[in-house]
Amino acid sequence: MNIATATATARAKGPIVWLNMDQQELDDAYDQIVYAPNRDQVGKRRLANSAVALTRIGKPERYAYGPTPIEGLDVYRTAKPNAPVAIFVHGGAWRNGTASEFTVLAEPFVQLGAHFVVLDFTNVDDAGGSLFPMVEQVRRGVAWVYKNAKSFGGDPTRLYIAGRSSGSHLGGVVLITDWQKNFGLPPDVVKGALLSSGMYDLEPVRLSKRGAYVKFTDAMEEELSTQRHLDRINCPVVLAHGTYETPEFQRQTREFAAALAAAGKPVELIVGEGYNHFEIPETMANPYGLLGRAVLELMGLKKGA
């Protein structure tokens, strides 16, 4: 029995707030550590493995995509010319995370012939509780990569998004961007996406305790809920969640996948048996891992190719 289940059976259920959940259950469903108490252990492992990976693939090249210090990105370059580009959007509950923490994810891409770009962007606390500045920066970061890919040996016609957790929310919003209207770019800037353990409709998130630090508005909920704008998505999407994730992160992924399929959009749903929210992203660092294999296949890359 996990912590959340034990807690639920030890107290009286309160008024229903969302689906069959009372406020405590909904708050727990958007609090990862309730379902994944090894969060800090996995984080330490990621940092240690990233330090080792750095010795093998070298330091990334750092570029600015905007005027403020946080508006930068790391490019881990492959030796292959005119290579596809994976753009990674990190998670952290919209509050935490930096590009430098994810070298370990870059290694298989670099070794198999793809550039790996990790974006830095502001956090919701520094943005006064709004998600709009984060979204705007991530979109500008992707646009910068498209415009400048050739300068580091990348193919601008083969850009792919990968995200996890709140980074998958941001990555999903990237997919509904009007590139022509906002950036003067082709409508199909992104050729495919792997989004793991994300949020694609913000209504229940707004009702949860995350609403204490994200200052949700009706406009924010509507415009930044990817699942409400399926008509704008024009690339294949691979979605994933682990079986030890919170019930809401599992449901959000399943329902987004079902909505995409019902809309006739190319989508694949991957369920990671036995993985929690912090463990499943580790599989992206392995070309034979659950997410690593999926994103490399999405990009047309294979081990040994």
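Predicted model: local features only at pLDDT ≥ 70, side-chain atom pairs only at ≥ 80, totals over all residues.

How many salt bridges does the count come to?

A: Residues are numbered from 1 along each chain as its sequence is written, and side-chain values use heavy atoms, with hydrogens and water left out.

The count comes to 22 salt bridges. A salt bridge here is a side-chain nitrogen of Lys or Arg within 4 Å of a carboxyl oxygen of Asp or Glu.

Take helix 11 (residues 247-262) to begin with. Helices (H or I, at least four residues) and strands (E, at least two) are DSSP runs, numbered from the N terminus. Arginine 251 forms a salt bridge with glutamate 248 at 2.7 Å, N to O, and another with glutamate 255 at 2.9 Å, N to O. Glutamate 248 and arginine 251 are separated by about one helical turn because they are three residues apart in helix 11. Glutamate 255 and arginine 251 are four residues apart in that helix, also about one turn.

Burial is judged by relative accessible area: buried means under 20%, exposed over 50%, and partly exposed in between (1.4 Å probe, protein chains only). Arginine 251 has a value of 11%, so it counts as buried. Glutamate 248 is buried as well, whereas glutamate 255, at 37%, is partly exposed.

Another pair is aspartate 188 and lysine 191, with their closest N and O atoms 3.8 Å apart. Aspartate 188 is partly exposed at 34%, and lysine 191 is partly exposed at 25%. Salt bridges can also link up: Asp201, Arg206, Asp218, Glu221, Glu222 and Arg228 form a network of them.

Two strands count as paired if DSSP finds at least two bridges between them. Strand 5 pairs in the parallel sense with strand 7 (residues 154-164) over six bridges. Four bridges join strand 5 to strand 6 (residues 115-119), again in parallel. Isoleucine 87 stands opposite isoleucine 161 in strand 7, and in strand 6 its bridge partner is valine 117.

Strand 5, helix 5 (residues 103-111) and strand 6 make up a right-handed β-α-β unit. Right-handed means that, with the strands pointing away from the viewer, the path from the first strand over the helix to the second runs clockwise.

Eight of the nine residues of helix 5 are buried, so this helix too is largely enclosed by the rest of the structure. Among the buried ones are Leu105, Glu107 and Phe109. Counting heavy atoms within 4.5 Å as contact, the buried residues of helix 5 pack against helix 4 (39-57), strand 4 (72-76), strand 5, strand 6 and helix 12 (290-298). Just after helix 5, glycine 113 takes a positive phi of about 100°.

Last come the nonpolar cores, sets of buried Ala, Val, Leu, Ile, Met, Phe, Trp, Tyr and Cys residues joined through side-chain atoms within 4.5 Å. The largest has 58 residues, and Trp94 and Leu131 have the most contacts inside it. Helix 6 (residues 132-148) gives the most to this core, with seven residues. Apart from it lies another core of 30 residues, among them Phe88, Ala106, Phe109 and Ala294.
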